[in-house]
Amino acid sequence: MGKLREKHEDVIEGLLARYPTKKSAILALMHLAQEEYGHMTQEAMEEVADIVDVHPTHVLSLAGFYSLYYEEPVGKYVLEICNDLACALRGADEFVEMACEKLGIPVDGTTEDGLFTIKTVMCLAACDKAPMLQCNLKYAENLDEEAFDELISNLRAEAEAAGEKPSVVKEVLDYARQ
Amino acid sequence: MAHILLRHRDIEDLHKFDVYLEHGGYQAFQKCLEAYKPQEVIDIVKKANIRGRGGAGFPAGIKWGFIPKDAEDVYVVINADESETGTFKDRELLEGNPHQVIEGALIAAYAVGARAIYCYFRGEFMDIAAPFEEAIKDLYANGWAGENIQGSGFTCHVYPTYGAGAYICGEETALLASLAGDLGQPWSKPPFPAQSGLYGEPTVVNNVETLANVPPVIVNGPEWYLEMGTDDSPGPKVVCLSGHVNRPGNYEVEMGTTYRELIDDYGGGMRDGRAFKALLPSGGSGPVITADALDAPVSFEGLKPYDSLMGSASVIVMDETTDMVWAALKMIHFFHHESCGKCTPCREGTFWLERVLEDVYEGHGTEKDIQILEDVASNMQGKCLCALGEFATSPVLSTISHFLDEYKAKVHGEAEGATMEADQETPEAAAVA
């Protein structure tokens, strides 16, 4: 039995029960797998494929198509900053530059301690609150340099404290538990 | 005026089942179950002419009427994939007023005989989905979803489902493919979802805001609804205002409100007292409009004389310091990134549009490149599998048509180029401040 089944049997069953076909649960299961494995590893994809009875190459094709799945390792905290037009009109490009400089990484880079990855992403439906980002899908809005510093120091503190990091994905998928 | 859609702004904790119920919640659905046959519900929605708020403006009642009456497995899908640049209205409705959206979907399900509703959230909305998940839990606990709802004999299940980052999944056939566990790529219509949708069964796909319009129409009647807005576009509309205005945000207005009123009265005017230059009325998907169109009404027909469209009413406002070639490049970068790759004109067209535009923007372009941009764009129009490729051409073509001088300045000599560069720095510097 794989790691997902061992840890999340009831969530998995709940997700499968939402649809008439197993395959429909695949995107949610991939989200869950990524939370567990860190990114879409071979093992993660094989386990998802096994649960929904598809060939692992199908999972791989989905991992390539959908932008929220990471095919390469990423930091513990993925900062996805929107620099689309509406956000850029309110300073998002400069915000990305500032964030990269502070963490000493380029866009798509990960800090040496493995804590942070910065990505630029398309519209996140928060254009009126730019500059903004999602950190592991959690919204952080109306940001400036000071707010960014605070966010980073809070995340560092969280990483140092023992225990599992909070997960938006797990919290939401937990509703499927029966 | 009290809100009809953004009611959570007037009523605290409206996302909670008890509060929603206290304020008239589920009365519309109950009225349907008790007093109306499914066809009567369709007729009311048709009469009110509730037009699709996702951007296409297709009348919801007519869409519902396409579902074959003898079909056994019918699905209603709530399109909560909101990903258009500049659009953030569905997010607020889902988070603040989820029950009104679900009630609208339940009424749709009753009208078309669906036994299951899926709400397809874009994956990035997981952070705001908890109120919706809670709402579903409460519905089941109180007999408003599931088997034999309120003893009426009508059975309908409600499920949330999550995408994983793909703008194209807002296109209904791509959404249905994604919901079935496949790549989110559109199919060529026909078949339309009403004939063959989710799992090959008849399916209604409605936008979040469209469904939120349904309960008040059932309660107050179509005449009440038709009194609001314009003749062709009745009712309220949530407008997403962003960019260079003082107060960006969602504003619920009556259809027919002008773009000038949006900027001045709702948005508090242009930021830093700068002059208005242009706006994108439908996120990236509609041609840019300039000051001469500001007195046009926000409605499905209002921008026709200006060769543009309201779409989902995602209004991105740009002031005099904005470099329009830069703005077009931002938009084409979006469409190239989001092209699903299935059809050649879109996949290749968006690639070349971005590449050539990048050259022009960076000052390596020639006059010929402007011609190439127009050629590529016109070879995409009418040839793509879905609207994405079609839409991708509008920011490029409309900025060339309105701001050709800016394109020319980019591709000609250093004197003009230098002026442009000075201009380029202004919006960014201003945006940081």
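How many of the 15 residues of α6(B) are buried? The count is 15 of the 15, so α6(B) is largely enclosed by the rest of the structure. This is a predicted model. Chains A and B meet through 47 residues of chain B and 41 residues of chain A. The largest nonpolar core has 204 residues.

**Helix α6 of chain B**

- Helix α6(B) covers residues 98-112 and has 15 residues.
- From first C-alpha to last, α6(B) reaches 21 Å, close to the 21 Å expected at 1.5 Å a residue.

**Nonpolar core**

- The residues with the most contacts inside the largest core are A:Leu29, A:Met30, B:Val77, B:Ile107, B:Ala108 and B:Ile117.
- In soluble globular proteins, nonpolar side chains tend to be buried together.
- B:Ile107 touches B:Ala28, B:Phe29, B:Cys32 and B:Val41, among others, leaving aside residues up to four places away in sequence.
- Further contacts of B:Ile107 include B:Val214, B:Pro215 and B:Ile218.

**Chain B side of the A-B contact**

- On chain B, 47 residues are in contact with 41 residues of chain A.
- Elements giving two or more residues to this side of chain B are the helices α7 (130-141), α13 (324-338) and α18 (414-432), together with the strands β3 (157-162), β5 (236-243) and β9 (314-319).
- The element that gives the most is α13(B), with six residues.
- By type, the residues on this side of chain B are 23 nonpolar, 15 polar and nine charged.

**Four-stranded sheet in chain B**

- An open sheet of four strands runs in the order β3-β2-β1-β4 (chain B), with parallel pairing.
- The edge strands β3 and β4 (203-207) of chain B each have a single partner strand, so one side of each lacks a neighbour in the sheet.
- Neighbouring strands of this sheet are turned by 20 degrees against each other on average, direction ignored.
- Strand β2 (residues 116-121) of chain B is joined to β3(B) by six bridges, and the two run parallel.
- B:Ile117 has B:Val158 as its bridge partner in β3(B).
- B:Ile117 is also among the core residues with the most contacts.
- Helix α8 (residues 172-179) of chain B lies across β1 (75-80), β2, β3 and β4 of chain B.
- The helix α8(B) runs at about 105 degrees to β1(B).

**Four-stranded sheet in chain A**

- Chain A has an open sheet of four strands in the order β2-β1-β3-β4, with mixed pairing.
- Its edges are β2 (116-121) and β4 (138-140) of chain A, each with a single partner strand, so one side of each is left without a neighbour in the sheet.
- In β3(A), A:Leu133 is the bridge partner of A:Ile81.
- Helix α6 (residues 92-103) of chain A lies across β1 and β2 of chain A, at about 155 degrees to β1(A).

**B:Arg53**

- B:Arg53 sits in the loop between α3 (38-48) and α4 (60-65) of chain B.
- Is B:Arg53 buried or exposed? It has 28 other C-beta atoms within 10 Å, and 20 or more count as buried, so B:Arg53 is buried.
- B:Arg53 touches B:Asn207, B:Glu209, B:Thr210, B:Lys237 and B:Ser312, not counting residues up to four places away in sequence.
- B:Arg53 and B:Ala278 lie 225 residues apart in sequence and 23 Å apart in space, C-alpha to C-alpha.

Conventions:
Residues are numbered from 1 along each chain as its sequence is written. Chains are lettered from A and ligands numbered from 1 in the order in which they are written. This is a predicted model: local features need pLDDT of at least 70, side-chain atom pairs count only at pLDDT 80 or more; totals for chains, interfaces and linings use all residues. The expected span of a helix is 1.5 Å times one less than its number of residues. A residue is buried if 20 or more other C-beta atoms lie within 10 Å of its own, exposed if 12 or fewer, and partly exposed in between; C-beta atoms are placed from the backbone. A nonpolar core is a set of buried Ala, Val, Leu, Ile, Met, Phe, Trp, Tyr and Cys residues joined through C-beta atoms within 7 Å. Two residues are in contact if their C-beta atoms, placed from the backbone, lie within 7 Å. Ala, Val, Leu, Ile, Met, Phe, Trp, Tyr, Cys and Pro count as nonpolar, Asp, Glu, Lys and Arg as charged, and the others, Gly among them, as polar. Two strands pair if DSSP finds at least two bridges between them. Axes are lines fitted to C-alpha atoms, for helices over the stretch in contact, and angles run from 0 to 180 degrees between N-to-C directions.
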